[in-house]
Amino acid sequence: MSTPSRSESDIAVVGAGPAGLAAALAAAGFGCTVTLIDSGPAIGGQIYRQNLLGADRGAGAPGAGAVPPRLRRAARHRRIRHLAATSVWHAEQEPDGWFRLRLAGPDRPEPEPDGEAGGTGTALGGQAGGAGPAVLRARAVVLATGAAELVLPFPGWDLPGVTTAGAAQALLKSQGVTVGQRVLVSGSGPLLFPVAAGLAEAGVRVVAVLEATAARVGARHAVRFAAYPGKLREAAGYAATLVRHRVPVRAGHAVVACRGAGRVERATIARLDRDWRPVPGSRREEAVDAVHVSFGFSPALDLARLLGCADAQHPIRPTAAVRCDADLATSVAGVFAAGEVTGVGGAQAAELKGYLAGASAARYLGRLHPVAYTARTRTLRSRLGPARRFAALLDDAYPLRPGWLDWPEPDTIACRCEETRWAEIGQAVAAGAADVRSVKGLTRCGMGYCQGRICGPIVQYAVAAAAGRPLGEVGDLHSRPVLTPVPLDVIAGEG
Amino acid sequence: MTGDRVRFSFDGRPMDAPRGMTIGGALLAGGVRSWRLTRSGGRPRGVFCGIGACFDCLVDVGGDHAVRACLIPLRDGDEVRTCASPGRRE
Amino acid sequence: MTAADAALPATADAVIIGAGMVGAATAAALAATGRRVCVIDRSGPFGGTTGAGEGNILVSDHLPGPDLSLALRSLTLWREFAAEHGAQFEFEAKGGVVVAHDQDQLAGLLDQAGRQRAAGVEVTGLDQAGLAEAEPDLAPGLAGGAFYPQDCQVQPMRAAVAHLALARRHGGLSVARAEATGLEPVTRNAPPRLVTDRGRIAAPVVVNAAGPWSGEVARRLGSDLPVRPRRGHILVTEPLPRVIGHKVYECDYVAAVGRDDDVLACSAVVESTASGTVLIGSSRDFGGALPGTGARAAPPDAGVLSAMARRAIALFPFLHRVRAIRAYTGYRPACRDHLPVIGPDPLVAGLYHASGHEGAGIGLAPATAELLAGIIDGTATAVDPEPFSPARFAVPPARTAGRHDR
């Protein structure tokens, strides 16, 4: 077939961020038909957020970060079929080696072109003019499912106005909306700067940027950053923006509590010791109307798990990444992976991996001769080395420390969906639960709508600490046999 | 209604927002921070992760119950309502 | 130090392999006799089938015979325990409604109900109007059904915790994470010693309560137990206002339990839970892969989920737009004659079995524990132990006593 059919294609690429777009383009460039699946309304993933309000909006409109032209082609390539607003809810490999992906549409079906809403909610996909397929078969799969933000709980983190840093960035870039006017940006890692800078440019009063890692820890690795002048320039740009807007940056500090009536009104900032424990006597309150929090990223592993791909636990973070070989093949033949799901490394590394994974999949399908593969990917593979080293440097420069376990109080919410209290985790461990699964069964952590996407890493870390066991031995909440909430009639196949 | 702005209502209160916004974006732009009450504690929630992963931002709109406000595009005439989560925990 | 990392004691009066519902109930029963009990489990407590079921305590799906006698006795024990502790594990005496799609099914169901009634089960036949009154959201057009007020539900992991707490209150209880690897047999002067990956423990009583792993454990301890893991699936919906008042299931459920073949058997089981979610079952097959046996984990089968969703929607049409938010599998310990195995191992002195409860382990656990304690101590038991004897598997296949045709 020269173009993907309604329900079959050579390759299914899941995720249309930089990794997925690059994989789709590479594979299509080598003659493969590709179905590109993404749950968002437009390509770009989390990092390249398109302005939903229309490109012709005025100068104040958020346009920064839109999809680079070299990747935008993926939405128009004749061998690539883009299914927007589509989620994979189940996937399996069939006896003939093909992969069967079951698809579901958005929470609310898009109306038909004539203005009527689609049926009883069975319209799928965002392709103009009609519903997408409910089932897709492909001979190979590229996982480009990205990463979610890691958030650590503190009293009052469930108040409206407390969001992830990524949420603040997404709302600003895609819709020009801000959550608050007087905010704190708190957490750890390189996302804090661009988010704070963007908010400051948009006129938000950023009271401070709080990086939990102590300055001397960052200084220890400062020399290694010199090898990445492009990254340094980028960081310097954000820093200059923050200086211009008089936004103080405090290392070794964090928001450790919030309070307010119905929304966040005051945030408690504490100085942290090297293990992230609040230093006694250092707490002080700031009046704010939003707090944006981020402690790095957690690869979104659930589809990889469902397909049986091996993953590797991070040594100190409650996260894991899909294991790939040098050609980005996972442990399951026919499944490849690229981008943040293989390890957090940023948009440029994600794109490089995407091209490689696409080529690798094309070789697997016989569309690219192995000799040509080696020649065509030589430069790519050579650029991946520095990208991996940069990711490792970021890991070293922003280590997760255990003192955050002192931030929650007994009544602090641990699982946002099920409102499990922090104290219940300790009680479950005291009652004999020694792994995440048992704690989940006793406390309902991870049983709500989000199925542990937010609380999973928190519970994993807390259970490991309480049970005195290594992170990798207590299990996690990455496995989701139903990958996203799906109407029963879609599962029944009558959808 | 055509043109730049979309008219909708929230818990009966008339509002409007630029065309193209999500329901969550439109509510935030209109000064609304929370549009959901949790199941057990009846506590308010609004946007948390902003990318459709956390399911905190669930809202009722028209005949649809508990849809993610951060993802759903706002449409003309949408009747948006606070999602009071059903069931109980204990 | 947490319970899971507690050291293995060198001796105990009884060691129980398996910290699930049956193991926990057995621990409570043996501790009540004054014994020091050690429960071991190679993963965390309640990590097996106990954490994968719906928490049913049913009499409705048991046919007259030893099966039903055990279930009725167990129900009595559950009620006694729940009277004091029921809130801890969400004990709910919700009752069960069994549904017949057509007149033939209804006739069969009412006949079965009559026989159950004669054996001590409370049951009321329901015509179409009665069915609609019992469950207004059921699809119209069903022929009728039967109402079993004695059916209950619990949160199974919390119920197991409550039994372990009861055992602790009676006296010495230790719980350790350890895997049984062998048994040093009884010698003239010493009791059997259970060999584990964390050391040896000498105990005159060793109980195999390892659920679907019981066959493997028996093999390691020098015996043989034909317990096979029979996979089940559960679909869980988003939280809803309470719209289903009872446990509702199709009358071909009992037949599904009684099948011997390897074909997938699906029969709709639908119920609401305290948290507002609706649980949808059921499926039975011998596929998948029992965790912890080295085989690669098998995720829930989409085809099975599809069949269960279809049958649930056929019973409750409002479900068609309700979202499922998770699914999971569990492995029932199944014996080929569909009766549990409770009693002394015919070959290995000191070894006892409490397993093979198929899908009824939660419900049958207290009576199993009580029966086993009586067998061990040689005291009178409320239920006749003979049909559950592990020795029955040693007899030639021609003998059919104890087998139930369904």
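This is a predicted model: local features need pLDDT of at least 70, side-chain atom pairs count only at pLDDT 80 or more; totals for chains, interfaces and linings use all residues.
Strand E22 of chain A, residues 486-487, is joined to strand E17 of chain C by 2 bridges, and the two strands run antiparallel. One bridge pairs A:Val486 with C:Ala324 in E17(C). As background, strands of a sheet pair through backbone hydrogen bonds, in either a parallel or an antiparallel sense.

Let me widen the view to the contact between these two chains. Chain C contributes 38 residues to the contact and chain A contributes 34. Which elements of chain C each supply at least two residues of the side that touches chain A? They are helix H5 (156-170), strand E8 (173-177), helix H8 (302-315) and strand E17 (323-335). H8(C) provides the largest share of that side, with 7 residues. By class, the side of chain C that touches chain A divides into 21 nonpolar, 8 polar and 9 charged residues.

I turn now to chain A itself. Its secondary structure amounts to 14 helices and 22 strands. The radius of gyration of chain A is 23 Å, close to the 23 Å that the globule rule gives for 495 residues, so chain A is as compact as a globular protein of that length. Along the principal axes, the C-alpha atoms of chain A fill a box of roughly 70 × 50 × 50 Å. Of the 495 residues in chain A, 60% are buried. Among contacts in chain A with a separation of 6 or more, 68% are between residues 24 or more positions apart.

Is A:Leu328 buried or exposed? A:Leu328 counts as buried, because 29 C-beta neighbours lie inside 10 Å, and the cut-off for a buried residue is 20 or more.

In chain B, B:Phe55 has a positive phi of about 60° and is likewise not a glycine. B:Phe55 lies in the loop that runs between strand E4 (44-45) and strand E5 (58-61) of chain B. With 27 C-beta neighbours inside 10 Å, B:Phe55 also counts as buried.

Domain 1 of chain C covers 3-52 + 156-226 + 338-394, and domain 2 covers 93-150 + 228-333. The C-alpha centres of these two domains lie 30 Å apart. Their contact takes 14 residues from domain 1 of chain C and 14 residues from domain 2 of chain C. On the domain 1 side, the residues that touch domain 2 comprise 3 nonpolar, 10 polar and 1 charged.

Chain C also holds an open sheet of 3 strands in the order E9-E10-E11, with antiparallel pairing. Which strands form the edges of this sheet? Strand E9 (180-184) and strand E11 (199-202) of chain C do, each pairing on one side only. Neighbouring strands of the sheet are turned by 25° against each other on average, with direction ignored. E9(C) pairs with strand E10 of chain C, residues 193-196, over 4 bridges. Within this sheet, C:Glu184 stands opposite C:Arg193 in E10(C).

I close with one peptide bond in chain C. The bond joining C:Gly281 and C:Ser282 is cis, with omega about -5°. C:Ser282 is found in strand E16 of chain C, residues 278-284.

Note on methods:
Residues are numbered from 1 along each chain as its sequence is written. Chains are lettered from A and ligands numbered from 1 in the order in which they are written. Domain bounds come from an automatic or database domain assignment. Two residues are in contact if their C-beta atoms, placed from the backbone, lie within 7 Å. Ala, Val, Leu, Ile, Met, Phe, Trp, Tyr, Cys and Pro count as nonpolar, Asp, Glu, Lys and Arg as charged, and the others, Gly among them, as polar. The radius of gyration is taken over C-alpha atoms; the globule rule is 2.2 Å times the number of residues to the power 0.38. A residue is buried if 20 or more other C-beta atoms lie within 10 Å of its own, exposed if 12 or fewer, and partly exposed in between; C-beta atoms are placed from the backbone. Two strands pair if DSSP finds at least two bridges between them. Axes are lines fitted to C-alpha atoms, for helices over the stretch in contact, and angles run from 0 to 180 degrees between N-to-C directions.
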